[in-house]
Amino acid sequence: GVARKISYRFAAVSSVLTLLVLGVVAYLKMTPDLLPNMDFPYVVIVTTDPGASPEAVESAVQSGGAKRYVLGSVLNQVLLHQSIIGLESYEAMKELGEYPDIVIGCAGGGSNLGGLIAPFMRDKLRGDKPDTRFIAVEPASCPSLTRGKYAYDFADTGQTCPLVKMYTLGSGFLPSPDHAGGLRYHGMSPIVSKLKHDGYMEAVAVKQTDVFKAAEDFARLET
């Protein structure tokens, strides 16, 4: 009886060890396929519109023509609702009993800047405040106002939107990757471009490293 039990145990252990050895050998001899040939149907949508939301583009494509994707910057209708920024600033200055000598804003596509300066520019154009200065600050990596050409160009890099007259570096211009974000746009709002072209506002281009340094100094020194 004892011998038989030992024999069964030996056979069981031998079987387990044999299976483990065969499993290891089989695993080592397997050729791993890093890119298995698997076919999954999918659609890739690539958009070159600056600032385009992937979700908005996807919704437009899947709507079967019921929806359209429009630029969320640059164009005149965008400046219209962005003018709320300027109206609130105008009212805040009025409550303080002050009026700005200089109005400065960042300039990428121009909608934020155009909305900010709108009510103050109105006073300048009317002759009420003719000495007010307006300065657009744009990234040196994408200097459409300071180095661009005032001409008709596509508002999007995909060349699907209507032509607009603006300061542009060309719809095929590819700026260097930096932290300018939405300011990396090849053109400028037609309204802002017209004001700059007619001499009502100035423009400067700055490097991102200089901006970061100024921000650090301001945060450290201002109390």
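1. In this predicted model, leucine 75 is buried, its relative accessible area being 17%, which falls below the 20% under which a residue counts as buried. Leucine 75 sits in the loop that runs between α2 (54–62) and α3 (76–96). Once its neighbours within four places in sequence are set aside, leucine 75 is in contact with Ala155 and Val164; the C-alpha atoms of leucine 75 and valine 164 are 8.6 Å apart in space, although 89 residues separate the two in sequence.

2. The whole structure contains 4 aromatic pairs. One of them is the tilted pair of tyrosine 90 and phenylalanine 120, with 5.3 Å centre to centre and 55° between the planes. Tyrosine 90 belongs to helix α3 and phenylalanine 120 to helix α4 (residues 111–126), so this pair ties together parts that lie 30 residues apart in sequence. Tyrosine 90 is buried at a relative accessible area of 16%, and phenylalanine 120 is buried at 3%.

3. Tyrosine 150 and tyrosine 167 also form a tilted pair, with ring centres 5.0 Å apart and planes at 35°. This pair links distant parts of the chain, since tyrosine 150 lies in strand β3 (residues 149–154) and tyrosine 167 in strand β4, 17 residues apart; both tyrosines are buried.

4. Histidine 186, in the loop between β4 (163–168) and α6 (190–197), counts as buried at 3% relative accessibility, and its side chain reaches the backbone oxygen of phenylalanine 154 at 2.9 Å.

Note on methods: Residues are numbered from 1 along each chain as its sequence is written. This is a predicted model: local features need pLDDT of at least 70, side-chain atom pairs count only at pLDDT 80 or more; totals for chains, interfaces and linings use all residues. Side-chain values use heavy atoms; hydrogens and water are left out. Helices (H or I, at least four residues) and strands (E, at least two) are DSSP runs, numbered from the N terminus. Buried means under 20% relative accessible area, exposed over 50%, partly exposed in between (1.4 Å probe, protein chains only). A polar contact is a pair of N or O atoms within 3.5 Å; within protein, one must be able to donate a hydrogen and the other to accept it, and residues adjacent in sequence count only if both atoms are side-chain atoms. Contact means heavy atoms within 4.5 Å. Rings of Phe, Tyr and Trp (its six-membered ring) pair if their centres lie within 6.5 Å; planes under 30 degrees apart count as stacked, over 60 as edge-to-face and the rest as tilted.
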